[in-house]
Amino acid sequence: MQEQYRTVAAAGVYETEINRSRFICALAPAATEEEAQSFVAGIRREHPTATHNCYAYVIGADAAVQKASDDGEPGGTAGVPMLQMLTRRDVRYAVAVVTRYYGGVKLGAGGLIRAYGGVVGEALDAVGTVTRRRFRLAVVTVDHQRAGRLENDLRATGRTVRSVDYGERVAIEIGLPDAEVDAFRGWLADATAGTAALELGGEAYGDA
């Protein structure tokens, strides 16, 4: 699995003008291909009179799903450079739509490639990205007497507490980098005098 990837922090829009043409890049996080396609459709509804609404998206931490569209621009001059900019920046689970309002000056193939790829790069800088790192889900089970202090200690040592479930015992779900599992076992035994149990689960990605 990919150790980490970047994605856009939130939906955002960036606009620039190149040789009298308006280029508007809309970015958004997308957990699925359906979400990405829905975002593209929304931008097309927002800009029905635009000359082109080109798009690219990458879904999956390992970039398993990659799609791009030139939307009427010469083949390979819009969607592909947009997609290349996303993958070059290690951006995943994200969709980019570049809306172009033609300004009367032709850019040529090279100019289009630079324009479409460039505006996505500038939009990523303007909107901002976040890094997600791979970690293992783990559940710490402890008695009620120690739960409050343990939860505070976990947060104080920089652990991500994902949920706390109060039952007969208290189950605290956390995320752990694989490399830290053994050290965490030792820390947990010391912190709870050996009374807590640690159960490892599957893998997920979270904020770095």
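## Basis of the description

Because the model is predicted, local features need pLDDT of at least 70 and side-chain atom pairs count only at pLDDT 80 or more, whereas totals for chains, interfaces and linings use all residues. Residues are numbered from 1 along each chain as its sequence is written, and side-chain values use heavy atoms, with hydrogens and water left out.

## The nonpolar cores

A nonpolar core is a set of buried Ala, Val, Leu, Ile, Met, Phe, Trp, Tyr and Cys residues joined through side-chain atoms within 4.5 Å. Buried means under 20% relative accessible area, exposed over 50%, and partly exposed in between (1.4 Å probe, protein chains only). The largest core has 25 residues, of which C25, M82, L86, V98, Y116, V120 and L124 touch the most other members. Strands β3 (21-29), β4 (52-59) and β6 (94-101) and helices α2 (79-88) and α3 each supply at least two of its residues; helices (H or I, at least four residues) and strands (E, at least two) are DSSP runs, numbered from the N terminus. Helix α3 gives the largest share, seven residues. Apart from this core lies another, of 16 residues, including L154, V161, V170 and V181.

V120 touches C25, M82, M85, L86, A96 and V98, not counting residues up to four places away in sequence; contact means heavy atoms within 4.5 Å. A123 is in helix α3 (residues 108-127) and counts as buried because its relative accessibility is 0%. With the same exclusion of sequence neighbours up to four places away, A123 touches Y14, C25, L27 and G128.

## A buried polar residue

N53 lies in strand β4 and is buried, with a relative accessible area of 5%. Its side chain makes a polar contact with the side chain of T99 (2.6 Å). A polar contact is a pair of N or O atoms within 3.5 Å; within protein, one must be able to donate a hydrogen and the other to accept it, and residues adjacent in sequence count only if both atoms are side-chain atoms.

## Aromatic pairs

The structure holds five aromatic pairs. Rings of Phe, Tyr and Trp (its six-membered ring) pair if their centres lie within 6.5 Å; planes under 30 degrees apart count as stacked, over 60 as edge-to-face and the rest as tilted. F23 and Y116 form an edge-to-face pair, 5.3 Å centre to centre with 85° between the planes. F23 is in strand β3 and Y116 in helix α3, 93 residues apart.
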